[in-house]
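Trainee: I am new to this structure. Please take me through it in short steps.

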Amino acid sequence: MGGLLFGYDWVVIGGAKPFYEPYFGITDSTMLKGWAMSSALVGCLVGSVVSGCLADRSGRKRLLIVSAILFTVSALGTALAWDFTSFNVFRLMGGIGIGLASNLSPMYIAEVAPARLRGRLVAMNQMAIVIGVLLAQVANLLIAREMNGAVSWRWMFAAEVVPAIAFLGMIFFVPESPRWLVMFGSIEQAGLVLARIGGDEYAANEVASIRRTFDGSNASLGIRELIEPRFLKLLGLGVFLVVFQQWCGINVIFNYAQEIFSAAGYDVDAILFNIAITGTVNLIFTIVAIFTVDRFGRRGLMLLGAGFLAAIDALLGYGYFTETKGVSMLVLVVSAIACYAMTLAPVTWVVISEIFPNRVRGGAVAVSVFFLWLACTVLTFTFPVLNDQLGTHGTFWLYSVICVVGFLVIWGFLPETRGRSLEEIEQDRL
């Protein structure tokens, strides 16, 4: 549910964009349009910082409850926004919820999942994100067709209230992370959680393995300790991967679908229909990722994604440069989304949830996710400017170059972690 709300709240604004911009009178202002699209992303940065400060101190579950409350309040507030300022305040609150959920959900799943299933289970969080994206796209399409544009954008945001309340209700039934419990000395409670997952023998072995990683100490390390040489290289890799995931160019398709499909010759109704198609493809290939990430490994899929997206972004740039219209451009966009959905989108979350040691995982994942949302904010805010200065073709060519750089870094520095426990990965990397 955290992933689903992350996806819905993140993408719903793309379909609402053609309707709230004239309502608030910001159609002719590039800066205000960029701020409307980016305000939630600023909230994501705040949520990531809060998570980094509190995830190892307060636990995973309490902050997920806070996230659910923020999603609910944000959905209601945005739907009822009385001016442009209130609209952005509530979008920022939703962004804080996304920042918390995007940090804690994959980390929690990684901490409870058996090693042989960890990749596909963390990838299921990505599938939930994609389902949220698709729900937002379908809801936007149906609401836009049935309602007057002056109010349709309000209902697009209001629809999020239903899953937000469901998340808030269900999160109380989730146990705390066993690795967090061990870190703070609740050994017996951690054993009970692990026994529910794999039985008594599995629980005993896991608790013993987890306790060894703390060297007799139950205290987590602060974020300042992450700059120690033994952690800094891992942190740098995590930060690079999340920034690359954002700057490979796919997220502008979701956030600026109106401009991208409009440049390819589509009207508003066709744009919303095409957005729903991209969401469906996104879901299908995320399911493919669930069945491949533990079979083919993390490194191979990341290399595949970086290489193919470099080629597709280059072709998209060429298509816009030659003013190609219609189906061929839609096929390229769908191909890019399919590639991203089965490689960089889910696998990046898997990697950052498992490469960090137990004692610094909360802080390290939070720092990585902070830079993810910082990169996403920069990407979203700068796309209108890049589009004006470089043209759509030049912008996608720039993303293609970034993908080539990403391929080289992954080739040189990313280890394979498939099928290994978090403690085994930690012993090898430190």
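Trainee: In which helix is Val207 found?

Mentor: This is a predicted model, where local features need pLDDT of at least 70, side-chain atom pairs count only at pLDDT 80 or more, and totals for chains, interfaces and linings use all residues. Residues are numbered from 1 along each chain as its sequence is written, and side-chain values use heavy atoms, with hydrogens and water left out. Helices (H or I, at least four residues) are DSSP runs, numbered from the N terminus. Val207 is found in helix 10, residues 200-212.

Trainee: Is Val207 buried or exposed?

Mentor: Buried means under 20% relative accessible area, exposed over 50%, and partly exposed in between (1.4 Å probe, protein chains only). Val207 has a relative accessible area of 11%, so Val207 is buried.

Trainee: How far apart in space are Val207 and Val182?

Mentor: In sequence they are 25 residues apart. From C-alpha to C-alpha, the distance between Val207 and Val182 is 7.4 Å.

Trainee: What kind of aromatic pair do Phe87 and Trp153 form?

Mentor: Rings of Phe, Tyr and Trp (its six-membered ring) pair if their centres lie within 6.5 Å; planes under 30 degrees apart count as stacked, over 60 as edge-to-face and the rest as tilted. The structure holds 18 such pairs. For Phe87 and Trp153, the centres are 5.9 Å apart and the planes 75° apart, which means the pair is edge-to-face.

Trainee: Which helices does the pair of Phe87 and Trp153 tie together?

Mentor: Both Phe87 and Trp153 are buried. The pair ties together parts that are 66 residues apart in sequence, because Phe87 lies in helix 4 (residues 84-112) and Trp153 in helix 6 (residues 149-158). The names are helix 4 and helix 6.

Trainee: Which residues do ring pairs link into a cluster with Phe87 and Trp153?

Mentor: Ring pairs build this cluster. Besides Phe87 and Trp153, the linked residues are Tyr20, Tyr23, Phe24, Phe84 and Phe157.

Trainee: How do helix 3 and helix 4 run, roughly parallel or roughly antiparallel?

Mentor: Helix 3 (residues 60-79) packs against helix 4 at an angle of about 150°, with the axes 8 Å apart. Axes are lines fitted to C-alpha atoms, for helices over the stretch in contact, and angles run from 0 to 180 degrees between N-to-C directions. Angles under 35 degrees count as roughly parallel, over 145 as roughly antiparallel, 65 to 115 as roughly perpendicular and the rest as oblique. Therefore helix 3 is, relative to helix 4, roughly antiparallel.

Methods: Helix = DSSP H or I, 4+ residues; strand = E, 2+ residues; numbered from the N terminus.
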